[in-house]
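Subject: Structure for your files

Dear colleague,

Here is the structure we spoke about. My notes on it follow below.

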Amino acid sequence: WTPPTFAHLPLLLNKTGGKLSKRNEDVSVEDFRGRGVLGSALVNYIVLLGWSPGPSGSRIFGMDELIEAFSLEEVNRNKPVVDPDQIAWFNREHLKGEFRSGSLVNDLRELVRKTFVGASEESLDSSYLNRVLDVLIERIHYLPDVVRLGNYFWIDPKVSRDQLSSVLTDFCC
């Protein structure tokens, strides 16, 4: 039996330079998942807080790529700061990758079902959801952004006759 190799890494810090604390921030995996952060994006981000991939320069890794590329020799001693904006960026990049691979549609379908009870089967079709994602993918950082920014894909607007008449008058004449 060969014992595993252990390493101690520096504590994660918040943006003000203090220790990351669950008392002051939402930092548990469940908190990130609740906000719509993909597990692959969170792992990718956390690994890069204390490790440099070397000369390749790539920042976006799938799990298999991380396992292949990771080396304890490349772990650094700097004090890693957790930046929510960077997490959002990593999540967006991973969402784009999952969209291109087609694996995002089922998650979006479940989100739409929960958010828009009674959504038509037509609007839950994979082809329709892929077209919605195609329109919104560059504007989102988290999957729930799709239903927030694109709610018009699933609900009819509530417009009164007077509002419609005013818009048409302003637009046409």
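**Salt bridges**

A network of salt bridges links Arg-92, Glu-93, Lys-96 and Glu-138. Please note that this is a predicted model, in which local features need pLDDT of at least 70 and side-chain atom pairs count only at pLDDT 80 or more, while totals for chains, interfaces and linings use all residues. Residues are numbered from 1 along each chain as its sequence is written, and side-chain values use heavy atoms, with hydrogens and water left out.

A salt bridge here is a side-chain nitrogen of Lys or Arg within 4 Å of a carboxyl oxygen of Asp or Glu. The search of the whole structure finds seven of them. Helices are DSSP runs of H or I with at least four residues, strands are runs of E with at least two, and both are numbered from the N terminus.

For accessibility, buried means under 20% relative accessible area, exposed means over 50%, and partly exposed is in between (1.4 Å probe, protein chains only). Glu-138 is partly exposed, because its relative accessible area is 48%. Arg-92 counts as buried at 18%, and so does Lys-96 at 13%.

Another salt bridge joins Glu-110 to Arg-113, with the closest N and O atoms 3.0 Å apart. Both residues lie in helix H5, three residues apart, which is about one turn of the helix. Glu-110 is partly exposed at 39% relative accessibility, and Arg-113 is partly exposed at 35%.

**His-94**

His-94 lies in helix H4 and counts as buried because its relative accessibility is 8%. Its side chain makes a polar contact of 3.1 Å with the side chain of Ser-40. A polar contact is a pair of N or O atoms within 3.5 Å; within protein, one must be able to donate a hydrogen and the other to accept it, and residues adjacent in sequence count only if both atoms are side-chain atoms. Leaving aside neighbours within four places in sequence, His-94 is in contact (heavy atoms within 4.5 Å) with Leu-38, Ser-40, Ala-41, Asn-44, Ile-60 and Phe-61.

**Helix H6**

Helix H6 covers residues 126-136, and Tyr-128, Leu-129, Val-132, Leu-133 and Leu-136 are buried in it. Seen down the axis of H6, the buried residues fall within an arc of 135°, so they line one face of the helix. The arc is that of the directions from the helix axis to the C-beta atoms. Their cover includes helix H4 (84-101), helix H5 (105-115) and helix H7 (144-149). At the start of H6, a side-chain oxygen of Asp-125 reaches to within 3.1 Å of the backbone nitrogen of Ser-127.

**Surface**

Which residues make the nonpolar surface patch of about 280 Å²? They are Val-43, Met-63 and Ile-67. Val-43 lies in helix H2 (residues 39-50) and counts as partly exposed at 30% relative accessibility. Patches are made of residues with over 30% relative accessible area and no salt bridge, with like charges joined within 9 Å and nonpolar side chains (Val, Leu, Ile, Met, Phe, Trp, Tyr) within 5 Å. Accessible areas come from the Shrake-Rupley method with a 1.4 Å probe, and for residues only the protein chains shown count as cover.

Regards
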